[in-house]
Amino acid sequence: MTMNGLRVYIKPNGTGLRSGPEVFYSRRGNGPFYRWLYEEKAAQWRVSRVIAADFTPQSLSMASWKAVPVALQTRLGEHYLE
């Protein structure tokens, strides 16, 4: 599956250790940012559009596609249908 222009980000916490739920951000081209949060109880990835006023893209780092969980890769494909 090819998703041209799709970028996936993480918010580094500086310690190298994960704390709390896993969160990813995505953006395609010059479109809006989306926040992806894994909900344990529902056992699925939830997405919400990020409000620009509450968000600083400079705080994000690019995530390796290999670091993105397979279930999230599937959801991203569904979300960004071409």
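This is a predicted model: local features need pLDDT of at least 70, side-chain atom pairs count only at pLDDT 80 or more; totals for chains, interfaces and linings use all residues.
One joins the side chains of Glu 39 and Arg 46, at 3.0 Å from N to O. Glu 39 is partly exposed, with a relative accessible area of 32%, and Arg 46 is partly exposed too, at 38%.

The other bridge links Arg 75 to Glu 78, at 3.5 Å from N to O. Both residues belong to helix H1 and sit three residues apart, about one turn of the helix. An α-helix has 3.6 residues a turn, so residues three or four places apart point the same way. Arg 75 is partly exposed at 26% relative accessibility, and Glu 78 is partly exposed at 45%.

Leu 72, Gln 73, Leu 76 and Gly 77 are the buried residues in H1. They lie on the same side of H1 because they cover an arc of only 145° around the axis. Strands E1, E2, E3 and E4 are among the elements covering them.

From here we reach the largest nonpolar core, which has eleven residues, including Leu 72, Leu 76, Val 68, Val 8 and Phe 24. Strand E1, strand E3 and helix H1 each give this core at least two residues. Apart from it lies another core of six residues, with Tyr 9, Tyr 25, Phe 33 and Phe 55 among them.

As for confidence, the protein has an average pLDDT of 85, and 84% of the residues score at least 70.

How values were computed: Residues are numbered from 1 along each chain as its sequence is written. Side-chain values use heavy atoms; hydrogens and water are left out. A nonpolar core is a set of buried Ala, Val, Leu, Ile, Met, Phe, Trp, Tyr and Cys residues joined through side-chain atoms within 4.5 Å. Buried means under 20% relative accessible area, exposed over 50%, partly exposed in between (1.4 Å probe, protein chains only). Helices (H or I, at least four residues) and strands (E, at least two) are DSSP runs, numbered from the N terminus. pLDDT is the predictor's confidence in each residue, from 0 to 100. The arc is that of the directions from the helix axis to the C-beta atoms. Contact means heavy atoms within 4.5 Å. A salt bridge is a side-chain nitrogen of Lys or Arg within 4 Å of a carboxyl oxygen of Asp or Glu.
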